[in-house]
Amino acid sequence: MYHKLLLISTPMGALGSGLGGGVELTLSNLAIEMLRRGHQLEIVAPQGSVSNSLPIKEISGELIQIPAQNQSRSDPILLHKNSVLANMWDYARQVQADYDLIVNFAYDWLPLYLTPFFNTPIAHFISMGSLTDVMDEIIEQVAINFPGTIGVHSQTQAATFTFAQRCICLLNGLDLSIYKFCPEPTQSLAWVGRIAPEKGLEDAVAAGEITGITLKIFGLKQDISYWEKICQKYPNAPIEYVGFLSTVELQEKLGQCRSLLVTPRWVEAFGNVAIEALACGVPLIAYRRGGLTEIVQEGKTGFLVEPDSVQGLVEAIKHLDELDRQACRQQAETLYSLEAMGDRVEQWFQKILKN
Ligand code: HBI
């Protein structure tokens, strides 16, 4: 049974810019896997989006959607004129008859509100936990009126919503052929992610300063002032900013690290960087928070530590030799391969289309 899918990206940035965070990887990987399975698809994304070989319809407009994680719970909905979000969904309205299913990747009110106005069914891949009242309300309405159309990454993420039981848990997936297993690492530790306050980089830097172990930092410097504050606060920390790399370059350097420190300040819906590390055989030291609590196999592929505790990170670093790099790769192959993710997503789509 083959479907025609219209995948509509996040308005946070062009695909490939890094501004879309984990959604960029999720969307691209899903597209690759659905094409491999024989489905047809088009990706709708902001102007400037690039993705090797994937069919992209670029939409112009202002990239000014406020990051939902920077909003307060009671914030009203904000939509600027000529917003790329509105333009992407107007395009979807025009072409919807050519598709069996639309898949929304934006964490924004508009696509959810528009759902009943569309003839073509819409599957919503919700990329974060509960952040604002308006989003909670509109997601719940869609979850009730269109059962089974709300997809999430983890049970922990679902549990941040009052309608957790209405969410379909999809985990995530990676093209494991890109990630090479590295059995013998260097001494360095790694931190990967958008450099922004909610990602808690400063704790990893603090642990690096205490242990004296080099911390390699990979990711987009999204919040420059946050980065500079960290450098001022920890002038002697042995850190090395490697940059925002392509997946192929990232896995090459990440794989050589002894462990990935994952220090989210918020309920991380999943932890794409965590499964990328596992794919390279790199064990995890993560705060016991969000989707990571469902990824780390305690004492085998990683350690979960007390959230926001730098001392907890330092303590866990001492026990890294107890972890098994082979088991890390194995966990990625069993749970997070494109095939495993593709099965979960295909089942999600089939159930929606059966209704
Ligand atoms: N904020 N308003 C809004 N819309 C999004 O689609 C969005 C976001 N913040 C972060 C984000 N998407 C992605 O980085 C997710 O991968 C988390």
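Biologist: Which atom of valine 23 lies 3.0 Å from an oxygen atom of the ligand, backbone or side chain?

Modeller: A backbone N or O atom of valine 23 sits at that distance from the ligand oxygen. Bear in mind that this is a predicted model.

Biologist: And tyrosine 107, how far is that one from a ligand oxygen?

Modeller: For tyrosine 107 the distance is 2.9 Å, again between a backbone N or O atom and an oxygen atom of the ligand.

Biologist: What about threonine 10, backbone or side chain?

Modeller: Side chain. An N or O atom in the side chain of threonine 10 is 2.7 Å from an oxygen atom of the ligand.

Biologist: How many residues are around the ligand, and which come nearest?

Modeller: There are 17 residues around the ligand. Thr10, Ala68, Gln69, Tyr107 and Asp108 come nearest.

Biologist: Switching to the domains. Where are the bounds?

Modeller: The assignment gives domain 1 as 4–173 + 337–354 and domain 2 as 176–335. Their C-alpha centres are 27 Å apart.

Biologist: How many residues are in contact between domain 1 and domain 2?

Modeller: On the domain 1 side 25 residues take part, and on the domain 2 side 23.

Biologist: How much area do the two domains bury between them?

Modeller: About 1700 Å², with 60% of it on carbon and sulfur atoms. Within domain 1, Leu25, Thr156 and Ser337 lose the most area to domain 2. Together these three account for 26% of what the domain 1 side buries.

Biologist: Which elements give two or more residues to the domain 1 side?

Modeller: Helix H1 (22–36), helix H5 (155–158) and helix H13 (338–354).

Biologist: How do the residues on that side of domain 1 divide into nonpolar, polar and charged?

Modeller: The side of domain 1 that touches domain 2 has 6 nonpolar, 18 polar and 1 charged.

Technical notes. Residues are numbered from 1 along each chain as its sequence is written. This is a predicted model: local features need pLDDT of at least 70, side-chain atom pairs count only at pLDDT 80 or more; totals for chains, interfaces and linings use all residues. Side-chain values use heavy atoms; hydrogens and water are left out. Domain bounds come from an automatic or database domain assignment. Contact means heavy atoms within 4.5 Å. Buried area is the accessible area (1.4 Å probe) that two parts lose on being put together, summed over both. Helices (H or I, at least four residues) and strands (E, at least two) are DSSP runs, numbered from the N terminus. Ala, Val, Leu, Ile, Met, Phe, Trp, Tyr, Cys and Pro count as nonpolar, Asp, Glu, Lys and Arg as charged, and the others, Gly among them, as polar. A residue is near a molecule or strand if one of its heavy atoms lies within 4 Å of it. A polar contact is a pair of N or O atoms within 3.5 Å; within protein, one must be able to donate a hydrogen and the other to accept it, and residues adjacent in sequence count only if both atoms are side-chain atoms.
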